[in-house]
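Welcome! Please take a look at the structure below, and then we can walk through a few of its parts together.

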Amino acid sequence: MREHAPVTVTPEEQAEQRAYMEKVRELPHRPTSYYVVTYGCQMNAHDSEKLAGMLSEMGMTEASSREQADLVLFNTCCVRDNAERRALGNVTWLKELKKDKPELIIGVCGCMIQQPGMAEKILRQYKFIDLAFGTSNLHRLPQLLYEELESARPVVEVDATENLIAEGLPVKRLRPDHAYITIMYGCDNFCSYCIVPYVRGRERSREADAIIREAEALYAGGVKEIMLLGQNVNSYGKGLEGGVSFAGLLRQLDAIGIPRIRFMTSHPKDLSQELIEAMGECKHVCPQFHLPVQSGNDGILRAMNRHYDRAAYLDKVARLRKAVPGIGLTTDIIVGFPGETEEQFQDTLSLVREVGYDSAFTFIFSPRPGTRAAAMPDQVPADVAQDRLERLLQVQEAAQLQAQRRFLDAQEEVLVESLSRRSAQAVSGKGLHGISVTFPGSLRDVGEIVPVRITECANNTLRGERLDKEKE
Ligand code: SF4
């Protein structure tokens, strides 16, 4: 057995939680509606779908707003300071609501709570919170809620078991045509700025068979796109018997026939040639790759503990582009990392110009207590970091516009997500390359894959005209 062998939640424990769902359902004073507020990444968005799934099974319906709900659950993130502050600000706001509605149940869960000592601290400071539980305890929501309802006292549970895999939870998906599938949990990389390994635990992969079964069931249920999730999907399979790699898993999923397969997030150091080849060969894997670079400077990458340098990163970008011509590339970048000089920042700008990303998530370094970078000397002043962020955004915007010209006059297959926010006569969705596309349409197109000819590149979105005959 390896040191951090994962533990799958036993069928007995799953059955116990199902029994608690029934018990909550039968309580006369149980809440009848819920609202889940989600912060952070797609992993959290999927966790919220599981929370919603369990709450629905307990007989509650989703409220249209937090003001309408009997139970409000905040699924928090702690990757950046402002995500934490926003969550706590919103929780405080609900305190007023609770004065008029004393039966309102307020819960806080997710990564912020999983930090050592945080749940106790929050409950001390925010006495109106009824429920607090960590990421490892998500599957125990039915029992925790039952205990809270029966005791009418705050219930807190933050388990230190960081190697848990919870299978078989009910999921209430946000969209019928699109589904998240978590393939692995946790992270072993300890990038020096990142809190994730401390709150999500060590890397552990789900069994390939369980993932394949889930994907097959989703496909049979009409899902057109799956998004495979993990903090570092490229190292999927480590520690599993049978030696399945992420590339191998992709090939197995590709054979099912789901029209679109996407995944995130990938660590550049674990991006193998085997995976690059699988990307080129799998018919249903979308030509899109999110490859967080974080910095274009070798010294900063070393201080970040990223285990690749600029040249190795660019080499992988070149190999991806060779295997999948026109591939959509996106990234994450941090500016103002401790000790970052203007010259080092210029390396990031030049890398952004060189790669030509289709989009980039850009952040100012946010020191997270307990991480190595938080204690590093030479923290960059806030005004300097802000100025770098603004200059980076300008360079990225120009590079992006240039990169997206390759789509002009080309055809994109767009899976329509919703009406456009700007016009009721237009719809928007994602093209195969992962870029938003807006084109004339109506609500009837939502959930359909529509061929579109791209006529215009605007910032962060492409515009086009449909190539099918619009539905009558
Ligand atoms: S790879 Fe690095 S940045 Fe990503 S979750 Fe792991 S430690 Fe955090």
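Apart from its neighbours within four places in sequence, glutamine 425 is in contact with Pro440 and Gly441, where contact means heavy atoms within 4.5 Å. This is a predicted model, in which local features need pLDDT of at least 70 and side-chain atom pairs count only at pLDDT 80 or more, while totals for chains, interfaces and linings use all residues. Residues are numbered from 1 along each chain as its sequence is written, and side-chain values use heavy atoms, with hydrogens and water left out.

Glutamine 425 sits in the loop between β17 (411-419) and β18 (426-430); strands (E, at least two residues) and helices (H or I, at least four) are DSSP runs numbered from the N terminus. Its C-alpha atom is 8.6 Å from that of phenylalanine 439, 14 residues apart along the chain. Glutamine 425 counts as exposed because its relative accessibility is 60%; exposed means over 50% relative accessible area, buried under 20%, and partly exposed in between (1.4 Å probe, protein chains only).

Now for helix α5 (residues 118-125), where Met118, Ala119, Ile122 and Leu123 are buried. They lie on the same side of α5 because they cover an arc of only 130 degrees around the axis, taken from the directions from the helix axis to the C-beta atoms. On the other side of α5, Arg124 and Gln125 are exposed.

The buried residues of α5 pack against these elements:

| Element | Residues |
|---|---|
| α3 | 81-100 |
| α4 | 111-114 |
| β7 | 155-157 |
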